[in-house]
Amino acid sequence: MKRYNDEKRKIMTRFRSLALAVCLSAASVTGCGRDSAEEAAEFLAEDVENSVPDRDRDDFTGVTEGQMSHTSASGMAALSEQFTERDLSGEYDAAEAEEIVLSTGDVEITAEGIYLLRGTLSDNMIIVDADKNAKIQLVFDGVEIHNALGAAVYVKQADKVFITLADGSENSLTSGSFSSAEDDNIDGVIFAKSDLTINGTGSLTVSSTEGHGIVSKDDLKITGGAVTVTAAKQGLSGKDSVRICGGTIQITSGKDGIHGENSEDAEKGYVYIADGIIRITSDGDGISAGSVFQADGGTVDVIAGGGSGNRTTVADSGGDTVSAKGIKASAELIINQMTLTVDSQDDAIHCDGDILVHGGSLALATGDDGIHADGRAAVTGGDIHISDSCEGIEGKYVEISGGNIRLYASDDGLNAAGETGGPEDVLYIRISGGMLFVHAEGDGLDSNGDLTITGGEVYVSGSENGANGALDYDGNGQITGGIVAALGNSAMAMNFGETSTQGSLLITTAVHPAGTEVVLKNSSGEELAAYVSESAFNAIVISCPQLELGGTYTVTAGEESQEVTFSDSLIYGSGFGTGGFRNEGMWGRPENLPEGERPENLPEGRPEMPEGERPENLPEGRPKM
């Protein structure tokens, strides 16, 4: 064993400016074989334009580190508390460094300082065992370590360790099995009991055939370099946090790609991303945060659980289903800015608490929900394209106040559902701004409580199945502003309620195929609203601010036109398939049947039969099935 101890050395680092620019170009999914995910990426690349100013370097000059500060109102983390200048710098003074040439035997470092490492180790490791207040910088400049029976780098004790990847260097660390008899329970290629930062501009390849990739029992940070991790278990793991603000990171993992969890402190175990390019292919969750996940930038691509086309669930050794979500958080999930592409077996974005999307470009394909919150699911901005999902956006409380959203769902487009805390706790969907396009095979907007629209634009291509409606609510349905065009099946069609202060009409029509344009005009022929449906329909709900009491309007669907007058109410047409079913199936009223009239030759009431007699020609007994 070699020991390196120089108490007199002083650590000298050079400060390098780092402007944290948010990349907003759409990321493409490669190798997943999913047309939906590729279409999502194309949609963002072609149709989404965002501009976000670069953050000033002054945002990152703080040197105080602490827990992520966040509130439910803003969810903002103090950036200055996430990274120190030395975290970001990735520089070192070679003249002050102690050079170590790896050859044979374990290498033990016991003192604070800068260590420049080169060479090869086989079946040995680098061990850092210094004072608990020591800060140690390991500069990798052509390091290759293979340890078949343990970690390649083991930080037993220190305050903080920096692994700096020297410019132009290529470095490789590999581990095989890990002994369960170890008191320290080492189970990662890089295993640190202290804070760990990886920075610099070189490359690092980490591979583990049986354990984790890079593990910190405190805070794990990556601010630079090209880091590739292949691990049988988790790729990156930080007990207190995982923080990323630079570099290019490629992860392939048998469990979670990035995992932050602290069962001892609910405020820790968070994941924070400010910049960098991250690509994850995981059998478990792409990113899992035990408390909060927050993104202020960066480009992230995730393929989890084989992607949205995989319907095969996997169970762990205890029989529990393995979670294969794109991004998951327990307490709160906040996206302020990021370019995100997810193709996941389970929910693309999931939180046991609230989800807040304030900006960014999101392309999501999933075998379950696009965005799922057990609490509040709120979108205030950004561009979201959910190309494949069961339910597009789901939460107890769904709030859309901004952004550009386009989603495709095999069930409901928006869904407000879940257990409430009592009669005063009402589920709801509230839309006050933004642009929303929904194509749903279930209900378009489905609230198990209230549905309220006060602004924005909402366009729904509803289900062709008569058991679903373009709009569906169990409580109050109210519109006071905005534009709504919701097309679907008349059997379950609903209009807004009488408490609305903006006009809304519901009419039934002949069955029109997908691709039919619906146009609303006033009595002067001025176009007020228009929408081309993506599915067949025979019921139309339209509302816009120009609809007034006493006004007459014309609705045209293809070659068919109907005139509507708001005579004594701002709500025209009530809903739930007014008038019954048509012979062809669950397609609402017979074609062109006036409101309130019955089809010809249909007898009134129930046929009268003498008591005890059966109708003629009715076979005796129970019919054979």
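Buried means under 20% relative accessible area, exposed means over 50%, and partly exposed lies in between (1.4 Å probe, protein chains only). The model is predicted, so to speak of local features needs pLDDT of at least 70, side-chain atom pairs count only at pLDDT 80 or more, and totals for chains, interfaces and linings use all residues. Residues are numbered from 1 along each chain as its sequence is written, and side-chain values use heavy atoms, with hydrogens and water left out.**Exercise 1. Classify two loop aspartates.**
Task: is Asp296 buried or exposed, and where is its place?

Solution. 
- Step 1: Find Asp296 in the loop between β21 (292-295) and β22 (299-304). Strands (E, at least two residues), like helices (H or I, at least four), are DSSP runs numbered from the N terminus.
- Step 2: Asp296 counts as buried because its relative accessibility is 2%.
- Step 3: Look at the side chain: Asp296 and Gln294 are joined by a polar contact of 3.2 Å. Such a contact is a pair of N or O atoms within 3.5 Å; within protein, one must be able to donate a hydrogen and the other to accept it, and residues adjacent in sequence count only if both atoms are side-chain atoms.
- Step 4: Now try Asp123, in the loop between β4 (113-122) and β5 (126-129). With 43% relative accessibility, Asp123 counts as partly exposed. Asp123 is not a glycine, yet has a positive phi of about 55°.

**Exercise 1. Trace the partners of β35.**
Task: which strands pair with β35 in the parallel sense?

Solution. 
- Step 1: Recall the rule: two strands pair if DSSP finds at least two bridges between them.
- Step 2: Strand β33 (residues 397-409) pairs with β35 (residues 428-440) over 11 bridges, in the parallel sense. Here Glu399 stands opposite Arg430 of β35.
- Step 3: Strand β37 (residues 450-453) is also a parallel partner of β35, over 4 bridges, and Ile429 faces Leu451 in β37.
- Step 4: Strand β38 (residues 457-461) pairs with β35 in the parallel sense over 5 bridges, with Val438 opposite Val460 in β38.
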